[in-house]
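Open the model in your viewer and keep the selection panel at hand.

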Amino acid sequence: MTEAASHSQFTPRVFSGIKPSGGLTLGNYLGAIKRFVAMQGEAYETLYCVVDLHAITVWQDPAELRTATREVAASYLASGIDPEKSILFNQSQVSQHAELGWIFNCVARVGWMNRMTQFKEKAGKNAEKQSLGLYAYPSLMAADILLYHATHVPVGEDQKQHVELTRDIAAKFNHDYKTEFFPLTNPVIEGPAMRVMNLRDGTKKMSKSGESDMERINMLDDADTIAKKFRKARTDPAPLPESLDGLKDRPEARNLVDIYAALSDQSPEAVITEYAGAGWGQFKPALADLAVAKLAPISSEMQRLLDDPAEIDRILARGSERARAIAAPILERTYDIVGLVR
Ligand code: AQP
């Protein structure tokens with residue numbers, strides 16, 4: 001693929017999204033939302049999406065899906081996404097996502113999908129019983145990104161493979177149709193909390209849909225619940241070490257240090273320097289206080305916004321209109337390149 005496809009002719013544009021598949025977690029906040037806010041500004045045009053079509057790749061109760069969609073939108077707004085500065089919308093209101101997703105289903109190879117670790121993890125031993133949508137999810141995700149010619153995608157570590165697949169799809173499309181139409185998008189995975197782990201098992205990531213509520217901090221948890229969950233978080237008996245090296249092979253301890261670092265905008269090294277030798281009886285309450293200080297203002301603003309769902313719907317409708325204005329000509333051009341007569 002040509003260099004040109006990855007650079008220069010594309011406007012610097014950020015796209016990212018979150019699935020409304022349940023209550024949002026601290027992992028979604030640190031790995032995604034906090035960074036979306038930081039990227040909003042002069043350097044990029046920013047589009048942030050509630051990716052509802054991805055949510056239905058596993059069963060969603062319709063009423064709960066509507067609530068979760070508004071909750072993701074409220075979490076963006078409450079965290080500092082400004083709907084004037086960013087385009088904030090939900091995927092299903094921009095039908096071009098599904099249309100480009102189909103084109104990409106015809107570009108992506110079955111072998112590529114078979115290598116996706118997220119599908120393997122989610123499907124477990126029941127791959128045959130999963131929806132076809134869950135299997136094809138990464139090509140819809142490629143469409144989400146490439147529909148806007150997005151150059152940068154802030155994501156957590158778990159989505160890295162899907163952004164790499166997006167580059168593969170763009171490169172194959174460009175190659176097959178002898179064009180440089182789609183950019184080779186860069187994943188942006190930076191900071192100490194790109195993979196926030198489950199509080200009960202430091203080898204598994206914190207997920208909205210994890211089995212037990214005790215394994216995650218939800219953005220809407222109250223102060224007592226947050227304190228209780230950190231108090232009961234699994235750790236080993238040793239105190240915090242003098243340096244980060246001492247956290248090797250201590251995944252639960254490392255996770256709590258990384259969470260503290262991300263919440264306080266410090267490096268994990270700085271946290272270790274501050275808490276060297278401290279026991280969990282000291283560190284966990286400090287972590288809980290910090291998490292409450294950061295999350296409480298966001299969750300109370302979310303609650304306020306959720307009291308007026310019609311206003312959230314208006315913001316999403318307006319954002320969808322602006323998103324369509326970018327997406328429609330890109331899809332039109334794609335159809336032309338592919339040879340579809342309209
Ligand atoms: N534990 C995490 N640590 C860091 N980042 C995370 N993200 C999710 N979990 C963590 C990031 O949040 C963004 C939105 O993710 P998503 O909701 O669209 O999909 P997901 O990664 O599948 O999230 P969940 O919480 O695990 O949802 P379920 O349980 O429904 O599948 C992405 O940028 C992701 O990296």
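Residues are classed here as follows: Ala, Val, Leu, Ile, Met, Phe, Trp, Tyr, Cys and Pro are nonpolar, Asp, Glu, Lys and Arg are charged, and the others, Gly among them, are polar. Keep in mind that this is a predicted model.

**Stop 1: the ligand shell.** Select the ligand and the residues around it. The shell has 10 polar, 7 nonpolar and 6 charged residues. That is 23 residues surrounding the ligand, with Lys122, Asp158, Ser207, Lys208 and Ser209 the closest.

Now colour by secondary structure. Strand E1 (13-18), helix H2 (26-39) and helix H7 (117-123) each give the shell at least two residues. Which element supplies the largest share of the shell? H2 does, with 4 residues.

Stop 2: Show the side chain of Ser21. One of its polar atoms lies 2.7 Å from a ligand oxygen. Next, select Asn28: a side-chain N or O atom is 3.2 Å from an oxygen atom of the ligand. At Gly27, look at the backbone, where an N or O atom lies 3.3 Å from a ligand nitrogen. Alone, the ligand exposes 640 Å², and the protein buries 98% of that.

**Stop 3: H11 and H12.** Select residues 251-263 (H11) and 268-275 (H12). These helices pack at about 105°, with axes 8 Å apart. The angle makes H11 roughly perpendicular to H12. Show the contact: Arg254, Val257, Asp258, Tyr260 and Ala261 from H11 meet Pro268, Val271, Ile272, Glu274 and Tyr275 from H12. By class, this contact has 7 nonpolar, 3 charged and no polar residues.

How values were computed
Residues numbered from 1 in each chain as written. Predicted model: local features only at pLDDT ≥ 70, side-chain atom pairs only at ≥ 80, totals over all residues. Heavy atoms only, no water. Axes fitted to C-alpha atoms, helices over the stretch in contact; angles between N-to-C directions. Parallel < 35°, antiparallel > 145°, perpendicular 65-115°, else oblique. Contact = heavy atoms within 4.5 Å. Near = heavy atom within 4 Å. Polar contact = N/O pair within 3.5 Å; in protein donor to acceptor, adjacent residues only side chain to side chain. Areas by Shrake-Rupley, 256 points an atom, 1.4 Å probe, with all protein chains shown as cover.
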